Amino acid sequence: MVRAATKLGSVTEGTVILTVNGVQREVFVDNQTTLLDLLRDHLDLTGTKKGCDQGACGACTVHVDGKRIVSCLALARQYDGRDVTTIEGVAAEGELHPVQEAFVRHDGLQCGFCTPGQIMSAISLLEEGRASTDEDIREFMSGNLCRCGTYPNIVAAIRECADRDGDR
Amino acid sequence: MAEFEYLRPDDVSGAVATVTADPDAAFLAGGTTQLDLMLKDRIIAPTTLVDITRLPLHGITGGSDRIRVGALTTMEELAADERVVLHAPFIREALLLGASTQLRNMATIGGNILQRTRCRYFRDPMVAACNKREPGSGCAAVTGAARMHAILGAGPNCIALHASDVCVPLMALDTVVQIQGADGERSVPLAEFYTLPGDRPDIENVLRHGEIVTAIDIPLLPAGMNSGYLKVRDRVSYEFALTSAAAAVWVVDGRIADVRIALGGVGTIPWRAPEAEQSLRGQRAGTRAFRAAAEAAIHDTFTVPGTQFKVELVKRTLVRILQTVSGVTS
Ligand SMILES: Cc1cc2nc3c(=O)[nH]c(=O)nc-3n(C[C@H](O)[C@H](O)[C@H](O)COP(=O)(O)OP(=O)(O)OC[C@H]3O[C@@H](n4cnc5c(N)ncnc54)[C@H](O)[C@@H]3O)c2cc1C
Ligand code: SF4
Ligand code: FES
Ligand code: FES
């Protein structure tokens, strides 16, 4: 059984070793720390946003082992050994990811707060093959809220990516 | 924030032994209910969290007539299972109409059947009156602003809804819950798993502290039986049900040869409707029979002003899904 590492006699904190955007990181955290707080507060990866902090808005969406999750309801200790990708990890060598480019082209953002989560979710949605109709895009993007109401442009951006990939 | 110890046992019996021995320990699966209540709402404070996600309780086995779903199978994984798609599509529909893809990638089936109510008074530590949190303290929802609450199996002590979508078709299918405890294993039909609030709303099911759900067994539908799940809600997507209905119907020569019905959004537990099934067997499929079945299903309601609308809405929800799955709209 893995006991929490003891520091100063306490068992309420421990070490998490995980791969973030291709780089192995070792982080010492309190047990209460969420994956979202680990990324933002311990690794300074502030692209992932904290909206509701309660699973309801999708601003904190990241990929774990290739699947999208909400990092605010993920306990950091539980993700020991896992492979995490954040918005900082999607653009290769200074070149935007095609989904990022499509968001720019279609003006898929206004204030931009929800955008990292929208893009992480959209990348997954395309990989899941769920962009075959606008209706499906809306349904399977519904876990990402946008207070600025940029939904039509987000759907347009995703539709363009799906068309180019021959998904529809 | 209350501190807690985090443990990751190597095997199921170790997890069971750890939680059984410690009244302040709790299991952690996908965390989408558990961490919400602990870290965000702060209405529960276990001192030890036992992470079960690496235990060998993943995956789905079985054939076209019956499957065993490991408790740690995620909602997305179950929705994608080919046997479910072919032989009980209303399970898939109910899963995909719940939560969001992100949450469904985290949430497990064991956690889903054990999810806690969304009653906002239950989830607000500033509210003193909640019999589910503090037996004997009263019920703020009955006198307050209720909407996402139950009308069946409810009473003045508690009107908290069991909000799971997938439990509705699971109830209609006579699903069986597999349980492992310190003294061995047992199986409990889902229909006998949940307990009505009565005067102890804090007790929600027959699971004893430390017992773990290892799997659920789902009998699938015979060929010829059509199934569907209809969820009515305040917005089109990513919202809990106001009312929902799961139905499977076998129509032979215009008559209903077999039928299964369960209702969601209305019960303090996922709600099977045997009276509706009985009233439909042998009847000619049609709106008149469907409406009679809906009337038979809904009785002994307990409503407050905010939930009164559900009495009619759930009947219409049931009529509509019966029309859809039987292909008879007149
Ligand atoms: C924003 C939001 C929207 C949602 N929308 C919907 C919806 O529309 N429809 C719907 O049906 N659900 C919805 N849910 C609820 C969600 O489906 C549940 O939170 C989820 O299924 C719980 O599973 P989990 O693995 O995360 O459980 P956890 O949170 O890890 O555990 C839940 C409870 O079960 C216990 N537990 C877990 N696994 C076991 C086991 N194997 N044996 C014994 N005890 C166990 C835990 O101790 C805890 O008490 C929503 C949740 C959120 C946060
Ligand atoms: S309905 Fe039940 S859970 Fe909600 S406040 Fe009343 S007692 Fe508590
Ligand atoms: S911050 Fe995680 S879903 Fe809103
Ligand atoms: S762009 Fe402002 S919240 Fe979406």
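Me: If a residue is near a molecule or strand when one of its heavy atoms lies within 4 Å of it, between which chains does ligand 1 lie?

Reply: This is a predicted model, in which local features need pLDDT of at least 70 and side-chain atom pairs count only at pLDDT 80 or more, while totals for chains, interfaces and linings use all residues, and side-chain values use heavy atoms, leaving out hydrogens and water. Residues are numbered from 1 along each chain as its sequence is written, with chains lettered from A and ligands numbered from 1 in the order in which they are written. There are 34 residues around ligand 1, and B:Phe27, B:Thr32, B:Thr33, B:Gln34 and B:Thr108 come nearest. The ligand itself lies between chains A and B.

Me: Which residue has a polar side-chain atom 2.7 Å from an oxygen atom of ligand 1?

Reply: A polar contact here is a pair of N or O atoms within 3.5 Å. Backbone atoms take part through B:Gly30, at 2.8 Å from a ligand oxygen, and through B:Ala99, at 2.9 Å from a ligand oxygen. The side-chain contact at 2.7 Å comes from B:Thr33.

Me: Is the aromatic pair of B:Phe193 and B:Tyr194 stacked or edge-to-face?

Reply: The search of the whole structure finds 1 aromatic pair over all chains, where rings of Phe, Tyr and Trp (its six-membered ring) pair if their centres lie within 6.5 Å, with planes under 30 degrees apart counting as stacked, over 60 as edge-to-face and the rest as tilted. Buried means under 20% relative accessible area, exposed over 50% and partly exposed in between, with a 1.4 Å probe and protein chains only, so B:Phe193 at 0% counts as buried, as does B:Tyr194 at 7%. Because the ring centres of B:Phe193 and B:Tyr194 are 5.2 Å apart and their planes stand at 85 degrees, the pair is edge-to-face.

Me: What is phi of A:Asn21, and in which loop does this residue lie?

Reply: Most residues other than glycine have a negative phi. A:Asn21 is partly exposed, with a relative accessible area of 25%. Its phi is a positive value near 50 degrees, and, with strands taken as DSSP runs (E, at least two residues) numbered from the N terminus, A:Asn21 lies in the chain A loop between β1 (13–20) and β2 (23–30).

Terms used:
Helix = DSSP H or I, 4+ residues; strand = E, 2+ residues; numbered from the N terminus. Near = heavy atom within 4 Å. Polar contact = N/O pair within 3.5 Å; in protein donor to acceptor, adjacent residues only side chain to side chain.
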